[in-house]
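Colleague: Mind walking me through how this fold is packed? I'd like to start with the nonpolar core and then move on to the sheet.

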Amino acid sequence: MKIDLTDTNSSKINKAILQGRRAVGTPAVGMVLTLVVVTDEENAYDSVRAANEASREHPSRTLVVIKRHARSPRARNEPRLDAEVRVGTDAGAGETVLLRLHGEVARRADSVVLPLLLPDAPVVVWWPVDAPDVPSRDPLGALAQRRITDAYAVEDPLGALATRAAAYAPGDTDLAWTRLTPWRSLLAAALDQARTTVTSAAVESEAENPSAELLARWFEQRLDVPVERVVSDGPVVTAVRMGTPGGEIRIDRPEGPVAHLAIPGQPSRVMALKVRTTAELIAEELRRLDPDEAYEAALRHGTADERVTGVRTR
């Protein structure tokens with residue numbers, strides 16, 4: 001069910017949500033959080049789709065904040081709030097409200113969102129594309145326990161990591177780090193099996209990949225070894241190599257959903273290691289709302305000079 005509201009306010013939107021909930025028989029008691037998605041019109045469709053799919057694991061109220069930019073100076077100064085309320089099958093396992101903000105209202109998005117938050121429930125804010133330099137100090141980010149950005153979606157990914165490191169606050173996270181969860185799990189398992197000392201490491205990926213950079217920093221921070229960044233054809237991270245006294249531990253995933261794990265003295269194995277969808281990444285982030293100390297340590301490790309040292313093209 002969809003309800004369109006033009007030139008409206010938060011009070012009318014709340015009434016429309018109740019109206020739609022009663023019409024389709026959807027209770028609110030099963031919702032576990034409010035997910036605020038801050039995006040533009042171009043990326044709104046994909047963002048809403050990912051949020052709806054994630055809501056099947058985490059039933060939530062999704063508030064999609066779309067700041068509209070009018071072409072004429074007069075229209076830019078006219079405050080207006082349009083909304084589209086979706087409940088039932090149109091909103092995954094929760095309810096979705098698309099908020100289109102015009103004029104002065106766009107600069108006060110927090111005043112629109114605040115009355116629409118679920119009471120006594122955690123708040124997560126996700127910027128699919130352009131995020132503020134300091135998410136925790138953004139008016140919307142200040143409302144949240146968890147703030148999700150994505151360095152992979154910006155023009156300068158490594159520059160974005162530097163900005164995130166300088167502005168980090170507990171509760172910040174980035175999907176570039178979330179994409180590494182299967183890699184980190186597989187690497188930790190390989191080291192447990194090998195039971196040896198790592199003396200060097202290398203991460204191979206497409207150029208300017210923020211996930212590869214975070215993985216390299218994680219290695220340096222955890223293993224205290226030099227990590228070489230190697231540029232490959234991609235997609236994303238394609239291989240990780242770890243030098244040991246007994247030989248090289250290697251994980252290769254040049255393409256496709258599987259990787260090959262090689263450990264000295266053991267037969268090569270095929271492991272599942274697919275590139276996950278945005279919905280799967282968001283669902284993982286919504287499973288934990290506490291500060292991610294491992295992300296903080298990897299993000300803040302190293303300097304700009306260290307990031308440049310040791311980079312070569314495969």
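**Cores and sheet**

Colleague: Which residues touch the most other members of the largest nonpolar core?

Modeller: A nonpolar core here is a set of buried Ala, Val, Leu, Ile, Met, Phe, Trp, Tyr and Cys residues joined through side-chain atoms within 4.5 Å, with buried meaning under 20% relative accessible area (1.4 Å probe, protein chains only). This is a predicted model, where local features need pLDDT of at least 70, side-chain atom pairs count only at pLDDT 80 or more, and totals for chains, interfaces and linings use all residues. Residues are numbered from 1 along each chain as its sequence is written, and side-chain values use heavy atoms, leaving out hydrogens and water. In the largest core, with 37 residues, the ones touching the most other members are Leu215 and Phe219.

Colleague: Which helix gives the largest share of this core?

Modeller: Helices (H or I, at least four residues) and strands (E, at least two) are DSSP runs, numbered from the N terminus. The largest share is 6 residues, and they come from helix 8 (residues 210-223).

Colleague: In strand 3, what is the bridge partner of Val37?

Modeller: Strand 2 (residues 33-39) and strand 3 (residues 60-67) run parallel, joined by 7 bridges. The partner of Val37 is Val64.

Key:
Buried means under 20% relative accessible area, exposed over 50%, partly exposed in between (1.4 Å probe, protein chains only). Two strands pair if DSSP finds at least two bridges between them.
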